[in-house]
Amino acid sequence: MAVPEMIENRTFDEIAVGDTASITRTLREEDIQLFALVSGDVNPAHLDADYAATDLFHRVIAHGMWGGGLISAVLGTELPGPGAIYLSQSLRFTRPVGLGDAITTSVTVTEKRSEHHVLLLDCRCVNQNGDEVITGQAEVRAPTEKIRLPRIALPDVRISDHDGYRKLIERTRADAAPPTAVAHPCSAAAITAAVDAAEAGLILPILVGPEARIRAAAEEAGKDISAYRIVPAAHSHAAATAAVALVRSGEAKLLMKGSLHTDELMSAVVSSSTGLRTERRISHAYLMDVPDHPTPLIITDAAINIEPSLEEKADIIRNAIDLAHVIGIESPKVAILSAVETVNPSMRSTLDAAALCKMADRGQISGGVLDGPLAFDNAISEAAAKEKGIVSPVAGKAEILVVPNLEAGNMLAKQLTFLGGADAAGVVLGARVPIVLTSRADSARTRLASCAVAVLLARAATKASPGLPEGKALT
């Protein structure tokens with residue numbers, strides 16, 4: 001059993017003038033973000049690299065009081081340590097502290113006052129070059145009783161800033177916002193999603209549904225919809241049909257789900273005579289932004305195909321590879337998931353995985369690197385793959401996760417979201433246009449990211465084949 005690290009103070013009687021103590025800490029981006037979160041100080045000089053480049057120091061710098069906190073840490077843990085009471089502190093900031101700077105903070109006792117056991121200490125912070133960045137003087141009441149306790153372990157705090165989504169949204173701003181048919185936006189959440197996306201410059205909404213209900217929802221949400229076209233439709237089914245018709249006519253370039261059920265919208269989309277089908281199987285993908293995971297994860301299919309056949313899984317993979325290309329992954333690594341990593345004749349998911357990999361070998365699926373069956377841990381963890389002896393260009397590095405069925409995909413995506421702090425931007429692929437699926441549980445960031453993904457897909461499809469994302473339409 002490991003011996004716990006101890007923390008011990010120095011009492012007033014044990015301390016002599018000239019005694020000193022120090023700690024060294026390297027400034028990380030996470031330190032700045034956490035300090036901003038705790039203090040509420042969101043000055044862009046500390047958080048916005050583009051702004052900081054134009055500011056006085058031409059780089060992101062730490063909050064001044066981050067360095068002041070280091071002085072407090074020395075006083076509270078080293079000299080005098082536990083039991084010390086801060087009375088006053090003066091600080092002079094002489095140089096900025098930037099990312100990667102290693103700051104050594106030291107305090108030195110300059111005076112002892114027996115009355116009330118007060119200490120005066122000179123405080124000094126220097127960077128790795130020996131340059132002073134902060135100086136000052138602290139007045140502290142020293143403890144009179146000895147304290148020795150196990151050092152308290154700090155919680156594992158994760159910063160979830162979803163920077164990938166921000167970059168994704170920024171990429172959409174090069175061109176005009178595409179007209180987007182929003183089917184039945186008759187709730188405050190649905191109207192908010194559409195208007196927020198419009199205000200972010202992502203889409204130009206065409207609101208399709210009962211006009212009175214749309215206006216009531218906008219009033220409830222506090223959103224001004226006076227600038228947006230409303231196409232009346234009597235009810236949700238009619239709204240879905242009318243929204244699809246706007247896409248077929250070319251008036252809308254994207255389709256977005258409002259407050260109707262996904263089945264209602266997709267029923268209009270897959271209609272053989274009036275829908276948006278192509279030769280490609282329609283499927284759903286989540287673009288997951290998972291804290292601490294170095295790359296985006298695409299999970300498919302978690303919303304459309306309940307028990308996909310082998311050929312349907314092939315189209316699901318093709319759709320996901322197209323999505324990966326659009327977000328900048330040139331040759332995505334595709335893991336076909338099962339509960340095990342070996343082919344088992346009793347498990348259909350493993351047989352499908354083997355067949356799909358052979359299809360890729362023969363050129364029937366292209367644009368990515370496939371491997372499977374792989375269990376989830378072997379797909380995303382190189383350590384787990386190594387432990388199992390799996391040698392594969394995909395194992396431990398997967399960027400697309402192909403699940404056996406809808407239930408598995410839905411549970412996986414929601415576990416990552418609600419237990420892992422991930423964001424899940426959802427989009428429907430394989431139709432004439434991308435379809436934005438949002439949920440009332442989605443954050444504003446997720447809703448915007450879903451729209452951004454759809455916009456990028458639509459632009460890529462227009463460049464490849466105007467009017468159709470893949471193949472020709474089925475009418």
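**Strands, helices and a buried aspartate**

Ala 183 sits opposite Val 208 in strand 9. That pairing belongs to a set of 5 bridges joining strand 8 (residues 179-183) to strand 9, and the two run parallel. Here strands (E, at least two residues) and helices (H or I, at least four) are DSSP runs numbered from the N terminus, and two strands pair if DSSP finds at least two bridges between them. Strand 9 (residues 204-209) has 5 of its 6 residues buried, so the rest of the structure largely encloses it; buried means under 20% relative accessible area, with exposed over 50% and partly exposed in between (1.4 Å probe, protein chains only).

The model is predicted, so to speak of local features pLDDT must be at least 70, side-chain atom pairs count only at pLDDT 80 or more, and totals for chains, interfaces and linings use all residues. Residues are numbered from 1 along each chain as its sequence is written, and side-chain values use heavy atoms, with hydrogens and water left out.

Turning to the open sheet, its 5 strands come in the order 2-4-5-6-3, with antiparallel pairing. Strand 2 (20-26) and strand 3 (85-93) are at the edges with a single partner strand each, so one side of each has no neighbour in the sheet. From one strand to the next, the twist averages 20 degrees. Strand 3 is joined to strand 6 (residues 132-141) by 8 antiparallel bridges, and Tyr 86 has Val 140 in strand 6 as its bridge partner. Lying across strands 2, 3, 4 (102-113), 5 (118-126) and 6 is helix 4 (residues 64-77), which runs at about 140 degrees to strand 3. Axes are lines fitted to C-alpha atoms, for helices over the stretch in contact, and angles run from 0 to 180 degrees between N-to-C directions.

Helix 6 (residues 188-199) and helix 7 (residues 211-221) have axes that come within 8 Å and cross at roughly 80 degrees. That makes helix 6 roughly perpendicular to helix 7 (65 to 115 degrees; under 35 is roughly parallel, over 145 roughly antiparallel and the rest oblique). Ala 188, Ile 191 and Thr 192 of helix 6 meet Ile 214, Ala 217, Ala 218, Glu 220 and Ala 221 of helix 7, contact being heavy atoms within 4.5 Å.

Finally, Asp 315 is found in helix 10 (residues 310-326) and counts as buried at 10% relative accessibility. Neighbours within four places in sequence aside, Asp 315 is in contact with Glu 279, Arg 280 and Arg 281. A polar atom of the Asp 315 side chain lies 2.8 Å from the backbone nitrogen of Arg 281.

How values were computed:
Polar contact = N/O pair within 3.5 Å; in protein donor to acceptor, adjacent residues only side chain to side chain.
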